[in-house]
Amino acid sequence: MTGIRVRPLVEDDWDEVVALEERAYAASGLSEGREALRSRHRASPSTCFVLECAGRIGGYLLALPYPLFRYPDLRLAEVDAVRESGPESNLHIHDVVIAERVRGRGLVHQMLRHLEKSGRAGRYQTFSLVAVRGSQVLWARLGYRVRPEIGLPASYGVEAVYMTKPLGPVVTDPAFASSSAAEAG
């Protein structure tokens, strides 16, 4: 597929990012809103990206340094989270959304490879995420392991599970690449 690139999220992207987030999460009560999303980006702009497809936003990924076994509160914006927690070795994938119009083309896999490259450059040792709405099956295919001992608040939904993965070699799974959706809370 031509005309596709992963690039840093910039100010002009927010209307489309917020619209994608609302379409993906509002029906399940997981939508956070513009200010919470922007606060996660402010916490780590170098690990937040958009997927540009033919000049339009086809998806986004928000990741930020977070202590291992902890996760953002969906009800609250980040307030100096990175500075308060100090240098971390864990990068938390907070949100990944691919637009309906471009799903099924392996684009989430492309975004995750880009994040892994950034994670290695930033010397992160692990990735974590909260898989929502049953997406843990997809994340497990990429090497993420469910951590059932980590309890999650109801705000993430009843199916949510905390998952981790050591940052090692890039995992290639054709079944995941062709999946229609992958979302982290």
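Which residue stands opposite Thr-164 in E7? In this predicted model, the residue opposite Thr-164 is Arg-145.

**View 1. Strand E7 and its pairing partners.** Strand E7 covers residues 161-166. Strand E5 (residues 126-131) pairs with E7 in the antiparallel sense over six bridges, and Ser-128 has Thr-164 as its bridge partner in E7. Strand E6 (residues 145-146) also pairs with E7 in the antiparallel sense, over two bridges. Five of the six residues of E7 are buried, so the strand is largely enclosed by the rest of the structure.

**View 2. The largest nonpolar core.** This core comprises 50 residues. Those with the most contacts inside it are Leu-51, Tyr-60, Leu-61, Ile-93, Leu-115, Trp-139 and Tyr-144. Elements that give two or more residues to the core include helix H1 (14-25), helix H4 (107-121), E5 and E7. The most, six residues, come from H1.

**View 3. The aromatic cluster around Tyr-162.** Phe-69, Tyr-71, Tyr-156 and Tyr-162 form one aromatic cluster, and the count of aromatic pairs comes to four. Phe-69 and Tyr-162 form a tilted pair, at 6.2 Å centre to centre and with 50° between the planes. This pair links the loop between E3 and helix H3 (81-85), which holds Phe-69, to strand E7, which holds Tyr-162, 93 residues apart. Phe-69 is partly exposed at 32% relative accessibility, whereas Tyr-162 is buried at 0%.

**View 4. The pair of Tyr-71 and Tyr-162.** The ring centres of Tyr-71 and Tyr-162 lie 6.4 Å apart with their planes at 55°, so this pair is tilted. Tyr-71 lies in the loop between E3 and H3, 91 residues from Tyr-162 in strand E7. Tyr-71 is partly exposed, with a relative accessible area of 23%.

Technical notes
Residues numbered from 1 in each chain as written. Predicted model: local features only at pLDDT ≥ 70, side-chain atom pairs only at ≥ 80, totals over all residues. Heavy atoms only, no water. Buried < 20%, exposed > 50% of the residue type's maximum accessible area, 1.4 Å probe, protein only. Helix = DSSP H or I, 4+ residues; strand = E, 2+ residues; numbered from the N terminus. Pairing = 2+ DSSP bridges. Core = buried A, V, L, I, M, F, W, Y, C linked by side-chain atoms within 4.5 Å. Phe/Tyr/Trp six-rings, centres within 6.5 Å; stacked < 30°, edge-to-face > 60°.
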